Amino acid sequence: MINNVTLVGRITRDPELRYTPQNQAVTTFSLAVNRQFKNANGDREADFINCVIWRQQAENLANWAKKGALIGITGRIQTRNYENQQGQRVYVTEVVADSFQMLESRQDRGNVPTPPPPTNQKQSSPAEAHDPFANSEPMNIEDDQLPF
């Protein structure tokens with residue numbers, strides 16, 4: 001079975017960092033991802049995709065990526081359901097991100113802080129060696145092209 005997702009988009013609101021009762025960091029965020037085509041009026045539409053990321057990556061994303069930041073993520077689609085307080089069944093589809101990559105510098109986007117340099121060097125894992133965003137050029141999107 002294959003369930004892989006790769007997305008590039010802008011964060012629509014500041015990510016929300018929370019901790020589980022077991023003290024696991026979890027951050028939720030939404031990405032605006034432009035569609036490949038324009039609509040009948042010649043405008044480019046976007047999809048707003050709910051995402052979640054866990055553990056150290058969750059803390060990193062919450063600390064460094066703010067609303068409007070251009071990021072790339074890799075992960076998988078996950079579905080779940082629960083019963084709300086009104087007794088209704090609620091179905092959720094979201095992307096569970098395994099990793100993310102900032103795709104523009106702080107100078108390119110004034111509200112995104114640059115992460116500090118790593119304090120310890122570690123061996124790259126095979127997953128990091130195949131990071132599809134490692135050598136990506138940032139997308140040139142003007143603020144008036146954003147749907148938010």
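Modeller: The chain has two helices and six strands, where helices (H or I, at least four residues) and strands (E, at least two) are DSSP runs numbered from the N terminus. Along the sequence their order is β-β-β-β-α-β-β-α. This is a predicted model, in which local features need pLDDT of at least 70 and side-chain atom pairs count only at pLDDT 80 or more, while totals for chains, interfaces and linings use all residues. Residues are numbered from 1 along each chain as its sequence is written, and side-chain values use heavy atoms, with hydrogens and water left out.

Some totals for the chain come before the pairs. Of its 148 residues, 31% are buried; buried means under 20% relative accessible area, exposed over 50%, and partly exposed in between, with a 1.4 Å probe and protein chains only. The accessible surface is about 10,200 Å², and carbon and sulfur atoms contribute 45% of that area; accessible areas come from the Shrake-Rupley method with a 1.4 Å probe, and for residues only the protein chains shown count as cover. Among contacts with a separation of 6 or more, 63% are between residues 24 or more positions apart, a contact being heavy atoms within 4.5 Å.

Now the salt bridges. There are eight in the structure, each defined as a side-chain nitrogen of Lys or Arg within 4 Å of a carboxyl oxygen of Asp or Glu.

One of them joins R10 and E104, whose closest N and O atoms are 3.0 Å apart. The two residues are 94 positions apart in the chain: R10 belongs to strand β1 (residues 5-11), and E104 to the loop between β6 (89-102) and α2 (126-129). Both R10 and E104 are buried. For E104 the relative accessible area is 12%, which is why it falls in that class. The side chains of E104 and R10 are also in polar contact at 3.0 Å; a polar contact is a pair of N or O atoms within 3.5 Å, where within protein one must be able to donate a hydrogen and the other to accept it, and residues adjacent in sequence count only if both atoms are side-chain atoms.

On the strand side, R10 has A32 in β3 as its bridge partner. The strands β1 and β3 run antiparallel and are joined by two bridges; two strands pair if DSSP finds at least two bridges between them.

The pair D47 and R35 also involves β3. Here the salt bridge has its closest N and O atoms 2.7 Å apart. D47 lies in β4 (residues 44-54) and R35 in β3 (residues 25-38), so the pair ties together parts that are twelve residues apart in sequence. D47 counts as partly exposed at 31% relative accessibility, and R35 as partly exposed at 27%. The strands themselves, β3 and β4, pair antiparallel over ten bridges, with V33 opposite D47. They form a hairpin with five residues between them, and G42 in that turn has a positive phi of about 85°.

A further salt bridge connects the side chains of E16 and R18, at 3.7 Å from N to O. E16 is partly exposed because its relative accessibility is 37%, and R18 is placed in that class by its 42%. E16 and R18 are also part of a salt-bridge network together with R13.

Strand β2 covers residues 16-19 and pairs with β3 in the antiparallel sense over four bridges. Within this pairing, L17 stands opposite T27. β2 and β3 form a hairpin with five residues between them. N23, in the loop between β2 and β3, has a positive phi of about 65° although it is not a glycine. Most residues other than glycine have a negative phi, and most peptide bonds are trans. N23 is exposed, with a relative accessible area of 58%.

R55 likewise has a positive phi, near 60°, without being a glycine. It lies in helix α1, which spans residues 55-64. With 53% relative accessible area, R55 counts as exposed.
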